[in-house]
Amino acid sequence: MKLLIVDESSAVYRRLLGMLGGVEGLTALAIARSLDELDWKCREFRADVVVLDPRLPGANGLSALHHVMRQCHEIPVYVYSNETDFKERALALGAEAFFDKSMEFESLAACLLARIGVHESPVPYAAHRPSS
């Protein structure tokens, strides 16, 4: 799985890397710290999954999610943010799941591991998009 992390905070992506680093099945990782970097990474990197904090330079809240959905067509997007009031709107816009950045970091990592096939149990606490 090729993972694209979209977040301006180096502490956040280092923490996620610490949880996922060395996992068989995670074949490549890219980081975008702004919408400009995101455009290039979506075109060139061709991620299988995107992890997005919607608060980015040049973006206003969920406009970053709109941008990702346009640039990275049909790729699952996991939103994680301290802005929990975004949850319902993010899911309605097509996010695969929403994680509270301050309390559900381990759940995000578990969800990504499950996607790789490392962990089969359901992820607790995450708000997921309803199945259609």
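Trainee: Which residues are linked in a network of salt bridges?

Mentor: This is a predicted model, where local features need pLDDT of at least 70, side-chain atom pairs count only at pLDDT 80 or more, and totals for chains, interfaces and linings use all residues. Residues are numbered from 1 along each chain as its sequence is written, and side-chain values use heavy atoms, with hydrogens and water left out. A salt bridge is a side-chain nitrogen of Lys or Arg within 4 Å of a carboxyl oxygen of Asp or Glu. The residues in the network are D7, D53 and K101.

Trainee: How many residues apart in sequence are the parts that D7 and K101 tie together?

Mentor: The closest N and O atoms of D7 and K101 are 3.0 Å apart. Helices (H or I, at least four residues) and strands (E, at least two) are DSSP runs, numbered from the N terminus. D7 lies in the loop between β1 (2–6) and α1 (10–20), and K101 in the loop between β5 (97–100) and α5 (105–116), so the parts tied together are apart in sequence by 94 residues.

Trainee: Is D53 buried or exposed?

Mentor: D53 forms a salt bridge with K101, with the closest N and O atoms 2.3 Å apart. Buried means under 20% relative accessible area, exposed over 50%, and partly exposed in between (1.4 Å probe, protein chains only). D53 has a relative accessible area of 7%, so D53 is buried.

Trainee: What does E37 count as in terms of accessibility?

Mentor: The side chains of E37 and R33 meet in a salt bridge at 3.9 Å, N to O. The relative accessibility of E37 is 28%, so E37 counts as partly exposed.
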